[in-house]
Amino acid sequence: MPEEFRLILKYADQPGYTPDMECYLRHGGYEALKKALAIQPKTLPDGKTMSGPEQIREDVKVSGLRGRGGAGFSCGLKWSFVDRKSGKPIYLICNADESEPGTFKDRQILHKDPHQMIEGMIISCFANDVKLAYIYIRGEFPEGARILNRALKEAREKNFLGKNILGSGYDLEIHVHRGAGAYICGEETGLIESLEGKRAYPRIKPPYFPAILGLYMCPTIVNNVETLCHVKHVVMMGGAEYAKIGTPNNTGTRIVSVSGQVKKPGYYEVEVGKATMGQLINDFAGGLFEGRKLKAVIPGGSSAKVFKAGEKFKLKKKGPDGKDIEHEVDMLDLPYDFDSLMAAGSMSGSGAIIVMDDSTDIVEALANLSEFYAHESCGQCTPCREGSLWMSKTLHRMTHGQGRKQDADYLLKIADNIPGGRTICAFGEACSWPVQSFVGKFKDEFIAKGEADEAKGEADEAKRAAASSGAGPTAELKIAASPNH
Amino acid sequence: MSIAATTENKPAAPAIETIKIKVDGKEIAVPKTMPDPISGKPIPTTMIQACALATIDVPHYCYHPKLPVAGNCRMCLVEFGTPAMGPDRKPVMNPDGTPKIAKSPRPAIACATPVSPGMEIYTTTPAVKQMREGVLEFLLINHPLDCPICDQAGECKLQEYSVDYGQATSRFVEEKVHKPKRVDLGPRIVLDDERCILCTRCIRFSKDIVGDDALGIVNRGSYNTLSAYPGKAFDNNYTLNTVDICPVGALTSKDFRFKMRVWFLKETKSVCTSCATGCSIVIGSREEKIYRYEPRENDAVNSTWMCDYGRLNYKWINREDRLTDVKIGQAQTTWSNVLKQIADKLAKAQSGSVAIVASARQTTEELFLLAKLAKKFNAITDSIPRTGEGDKLLLSTDRNPNSNGAKLTGIASAQMGANLPKIAEGIRNGSIKTLIVFGEDMTKHGIGADLLGKLDNLIVSDILPNKTTEAATYLLPGCAHAEKRGSFVNGKGRVQRFLKAIEPRGEARPEWEFLHELVHNVTGQNGYATIEGLFNQMAKEIPAFNGVTWAALGDTGVTIQI
Ligand SMILES: Cc1cc2nc3c(=O)[nH]c(=O)nc-3n(C[C@H](O)[C@H](O)[C@H](O)COP(=O)(O)O)c2cc1C
Ligand code: SF4
Ligand code: SF4
Ligand code: SF4
Ligand code: FES
């Protein structure tokens, strides 16, 4: 069994480790920043010179670092899209909105080791010529915001922030902005709107790509908390060295949040791709409760498509001769990385595994998720706005004794009209993928529920008819009141 | 060829770079950029603009050519492809030598996606059809079944697209979302939130065109609800434009709602008369009664907007006390009689003893004819200036629609109203014996009933009764612009014509008609008995018009140098 590999959470859970500056400095804090600021311009073989910031950006590319916020997009590539010729200021935003159900990794960093993130952020800002940056933190983290503000104050006092940082001539200010409690504020363009003081309506792309027209219509980088922490380590150990952690194209470590029906729910930092889903569930998280069997796993936060226990996938693997060989993998044997889960039709998303055992009513589980999405849809674009509530209402009906046989197909048809570029932001996928995958993979359970309700309805009807002997008014069948959003 | 007047004031634009694309197999070259609706700066041409140029309809709700793009309704989703690039970054060719097109796996909204060279847009594929059906189904599940009582019925995009692109049946069995009905949004508008499809056109119009960030959306998801700021009325001078651009019946005009089914309305192209901007409008009328004004697109004048003040200023036309009788003193008479008597009287008038006050609300043709009379009698003439507060968008401080017409015909000088004291003095000292007044109440402009009483002849033409019409020796009932044809020259020199929407009341006749007779009777000059001929004659005689013709005015007019 692989061990945890604690890079980001190396100190966080050690006894006596506190979130203040002194403790961080005692543990080698801000050495990466000093190293970054000291990088000298380098002359390339073609005679061009490469500035320190350019070298960091290159190193981040070399490291293979991929975003930990959800999409797993290459961090170096994202930074390379930034419009550096516009003459406008470049902004960087740390996405600390952590709101994907099942995800609780950023909060560990924010609460226990804020300076690590701030250091990563300062280096990322320096690498991108950013003079003003923001930490957008979800409203439900009041303590996190307090800790961050204190840490920023400490950083200013030590001149890791502010004017002429450590005599380098580089100026940077970072502000904390608290959200007001909406999932959609985690979507980067919704976040930007919210930061500008508006409703978090995600922006259309084109034309509003953050790298070109982001915050205040200026080039903007949005990175997740965990991603920014990794930048510190890339600088500290060098991109090539960092890339040795994890597996090819899936480098570094990942903090995986495991929740649901397991004995030891919690967060586990592992090398990307070195542990399988099964190991994370059964070894790290202690496995299922006694006598229980696995039913389903959501591998990457509630938006990711569900895996059914026993599901098999055909994956390609390089053989000894370098050729691709196809081999069949059980869901539990999937390496927990970006590419394998994508190849299996789902995603590692925000790195959150939600485990469901055989005591789970799969219709109830989906109803719960759908209610969340109906509540959190920003309501801007038609398919997501109307579809998310429609699916939730249907599932509410199904979990309140009013299911119909045809509801499985009814749900699929609704869900099929939402994703795939039909909506402004990826929330369209987030709300329809669970429905497509739950209903698609557990269709018999949805149909059975509908059939049972219909049979019961007919029996009740017959009873009523007998009782009223056809004379009295027929009692109306009341559909359970819809969830109140 | 002497027509120097152009349809636009701008200098000839430099040739615009075009790019070649295909829409549903049809090849077309489209400009690489088009002006941004707000800033006017060139921005990349979008698919929807390109499709419009290719005369291919792409259904849309939130897109409006004069507003910033929102991209929220998703009705305009299309499929597309772009030339495939090989690893050498060179286009890949088909065996027949045509470029290979790589079809995008994802659709795109036509309203926000720029076109690129070689792009192919597909608007009729099964996937596009299905996406449209999907969007319409989503829009309808929570839409109330209000059509039978909805003012928008008959001009509703939800109805139209449902017929064109939707499904015939619904499979929705859940309870609909309920939202506020009959919301009093402001003094002129009622909102039905259940009908609103949340396209945000009204929000963008108020914020980006008017500069009044008055409307917004509250609540989340399907409970999204359009609202004015709590406790604040939606009340600027342009609110009613939101009723026009609302694709459904969510925003209704308090003035118009429940008054008339739109399909009964006759639509006539006209011009607003409430200020010197002269917005192009459509008059909606039925059975000789006017029900509404709506703005009509004219980029040289009003884009597609008009102000609330001008829009609602039509009720006087329908008034019960309109002047309908031809009178000499208090006695009713006929047109032939009155015109003969006036001609006889004028024939005896001494040079300099006649004064003419003509309204700058008259048509240019009418002012032109009055100017001919003035010349004959060496009459002193003027008009009445009319001013009010203006704004940056449309409303002019000059509240006359045709001040420039009055100036070009010589009725008024650059200093409109400067002659009024002289006319008053002339009446007082007895040198002016005949006063001809068109469309103004002189008692409100320094020539009181006492002075009017001193005149030998007070010849008055008007539409509604006032102190001056009461004192008239000869009373000639005239027409509102909606009841005749004619033209105005707006504050910027735009000459616009308007057409007749309804019949004149009673004995009333278009002023240009009887003025034409009078001029003929008095001067012996033969003029034209048609408005076309009259306009063309005027355009030849008055240099500024540079010979432009009535026909050349078209629907949106011609700008002349003033
Ligand atoms: C509906 C939705 C919610 C999201 N919520 C979060 C979030 O809470 N935290 C986060 O870091 N990224 C979230 N994202 C992803 C961000 O849009 C963005 O991709 C990410 O912050 C980029 O950072 P990274 O490249 O470092 O991963 C969300 C995306 C969507 C579509
Ligand atoms: S997909 Fe959903 S959350 Fe995203 S913009 Fe559209 S309505 Fe809002
Ligand atoms: S009221 Fe009309 S214009 Fe305004 S958002 Fe709703 S549907 Fe669109
Ligand atoms: S701006 Fe002037 S012309 Fe236009 S609608 Fe208002 S009053 Fe009429
Ligand atoms: S017209 Fe609404 S999204 Fe394009």
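**Notes on the predicted complex**

1. Start with how chain B folds back on itself: residues 24 or more positions apart account for 66% of its contacts with a separation of 6 or more. Two residues count as in contact if their C-beta atoms, placed from the backbone, lie within 7 Å.

2. Before going on, some housekeeping. This is a predicted model, where local features need pLDDT of at least 70, side-chain atom pairs count only at pLDDT 80 or more, and totals for chains, interfaces and linings use all residues. Residues are numbered from 1 along each chain as its sequence is written, while chains are lettered from A and ligands numbered from 1 in the order in which they are written.

3. The complex gets an ipTM of 0.93 and a pTM of 0.94. Go carefully with residues 1–9 of chain B, though, where pLDDT stays under 50. Where pLDDT is low, the predicted coordinates should not be read in detail.

4. Chain B has 15 helices and 26 strands, taken as DSSP runs numbered from the N terminus (helices are H or I, at least four residues; strands are E, at least two). Of its 562 residues, 48% count as buried, that is, with 20 or more other C-beta atoms within 10 Å of their own.

5. Now find the open sheet in chain B, with strands in the order β14-β15-β16 and antiparallel pairing (strands pair if DSSP finds at least two bridges between them). β14 (266–271) and β16 (289–295) of chain B are at the edges with a single partner strand each, so one side of each has no neighbour in the sheet. From one strand to the next, the twist averages 30°. Six bridges join β15 (residues 280–286) of chain B to β16(B), and B:Ser285 sits opposite B:Ile290.

6. Over in chain A, look at helices α3 (residues 52–63) and α10 (residues 225–237): their axes come within 10 Å and cross at roughly 100°. Since 65 to 115 degrees counts as roughly perpendicular, that is the word for α3(A) and α10(A). Residues making the contact include A:Ile56 and A:Val60 of α3(A), and A:Val231 and A:Val234 of α10(A).

7. Which residues have the most contacts inside the largest nonpolar core? They are A:Ile93, A:Leu280 and B:Leu370, in a core of 286 residues. Such a core is a set of buried Ala, Val, Leu, Ile, Met, Phe, Trp, Tyr and Cys residues joined through C-beta atoms within 7 Å. Among the residues that A:Leu280 touches are A:Val256, A:Tyr268 and A:Ile353.

How values were computed:
A residue is buried if 20 or more other C-beta atoms lie within 10 Å of its own, exposed if 12 or fewer, and partly exposed in between; C-beta atoms are placed from the backbone. Axes are lines fitted to C-alpha atoms, for helices over the stretch in contact, and angles run from 0 to 180 degrees between N-to-C directions. pLDDT is the predictor's confidence in each residue, from 0 to 100. Angles under 35 degrees count as roughly parallel, over 145 as roughly antiparallel, 65 to 115 as roughly perpendicular and the rest as oblique. Lists of a residue's contacts leave out its neighbours within four places in sequence.
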